[in-house]
Amino acid sequence: MHVDGVVFRIKEMADALALPIYFARGRRPWSVGYFTRKKSAIRIAIDAAAVRRGRPLSEAFGIGIDERVVEYPWLFDRLRRDGVQLGRMLDAGSTLNHEYILGREPLRKADLTIMTLAPEKRCYWYQGYSYVFGDFRKTRFEDGSFDTIISISTLEHVGLDNTMLYTDDPAKSEDNTDGFADAMREFRRIIAPGGRCLITVPYGRYENFDWFQVFDRGMIQALIDAFAPSSYELEFFGYEKTGWRRVTEADVANATAFDPHSGRGRLDDKAGCARAIACIELIR
């Protein structure tokens, strides 16, 4: 195993051992033990099909866990629907690049290409997945290359400052708040007719955190218009002290977010980041 991989495994083990400390200190997001608790909550939610189309979430769902606890099970619910053919898949953003995510059906041994700006410490090429690095706004893929495109909490970073977490390339420190629309136009080009695009973004009152932005209704419409789908379905989920719940768009029109890196937007609700998300399925 690569040295970086060994270091990552050691960090994972240390985080798991710290789980009692996490609970003792009040389950604070991003504190020691948080990642172990988060993975466990996500595994349970996916396997229990906890986020089903049109159904309410269970009481106290995902308290103190960031939006991935909703996004991953939402995605798996869509991918596992009867009659759905996944075909050639693109993970635009590398959000699926975790062993506990890729190891679950129908992603296990899927015809999946993972694309992000720069190489990451985790890499599962030996399980048959392909890795590509570059900008979603201008890819090298041919027209209609994919049947399914997945982009989980990624478009909010496109065109902004990606040097904080994702790359040390100074050219990727931008301030183009409309970059997501260019990415959606590229997604339309590289997806086959009839293909599906599954997207999630933070939602609420617009705010720019420099390395990500919170989408408002106008931006959601711009995202949809850029892809120009034959049909689409839009769902919203909101976070409160009592956990995540399915909501209407109006319920979360003024939702805010917490930036775990700067501390901006911190409240006493144990929000991990976004306090609302929009989940969109678009058909080419």
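**A walk through the predicted model**

Arg25 sits in the loop that links helix H2 (19-24) to helix H3 (34-47). This is a predicted model, and in it Arg25 counts as exposed because its relative accessibility is 52%, where the cut-off for exposed is over 50%. Gly64 is 39 residues away from Arg25 along the chain, and the C-alpha atoms of the two are separated by 12 Å.

Another arginine gives quite another picture. Arg78 belongs to helix H4 (residues 68-79). Its relative accessible area is 0%, so Arg78 is buried. As for what surrounds this side chain, Arg78 touches Arg53, Val84, Arg196, Leu198, Glu233, Glu235 and Glu281, leaving aside residues up to four places away in sequence. With one of these, Glu233, there is a polar contact between the two side chains, at 3.3 Å.

In UniProt, an unreviewed entry lists residues 128-199 as "domain: Methyltransferase type".

Strand E5 itself covers residues 191-202 and is mostly tucked away, with 10 of its 12 residues buried. Strand E4 (residues 146-152) runs parallel to E5, and 6 bridges join the two. One example is Ile150, whose bridge partner in E5 is Leu198. To get from E4 to E5, the chain passes through helix H6 (residues 179-190), making a β-α-β crossover that is right-handed. Leu198 has already come up above, as one of the residues that Arg78 touches.

E5 also pairs with strand E10 (residues 276-283), this time in the antiparallel sense and over 7 bridges. Here Pro202 stands opposite Ile277 in E10. In a regular strand, side chains alternate between the two faces of the sheet.

The last stop is the loop between E4 and H6, which is where Asn162 lies. Although Asn162 is in a loop, this residue counts as buried because its relative accessibility is 8%, with the cut-off for buried at under 20%. The side chain of Asn162 reaches the backbone oxygen of His157 at 3.1 Å. Not counting residues up to four places away in sequence, Asn162 touches Leu117, His157, Thr167, Lys172 and Ser173.

Notes: Residues are numbered from 1 along each chain as its sequence is written. This is a predicted model: local features need pLDDT of at least 70, side-chain atom pairs count only at pLDDT 80 or more; totals for chains, interfaces and linings use all residues. Side-chain values use heavy atoms; hydrogens and water are left out. Helices (H or I, at least four residues) and strands (E, at least two) are DSSP runs, numbered from the N terminus. Buried means under 20% relative accessible area, exposed over 50%, partly exposed in between (1.4 Å probe, protein chains only). A polar contact is a pair of N or O atoms within 3.5 Å; within protein, one must be able to donate a hydrogen and the other to accept it, and residues adjacent in sequence count only if both atoms are side-chain atoms. Contact means heavy atoms within 4.5 Å. UniProt positions are given in the numbering used here, feature names are shortened, and annotations may be inferred rather than shown by experiment. Two strands pair if DSSP finds at least two bridges between them. A crossover is right-handed if, with the strands pointing away from the viewer, the path from the first strand over the helix to the second runs clockwise.
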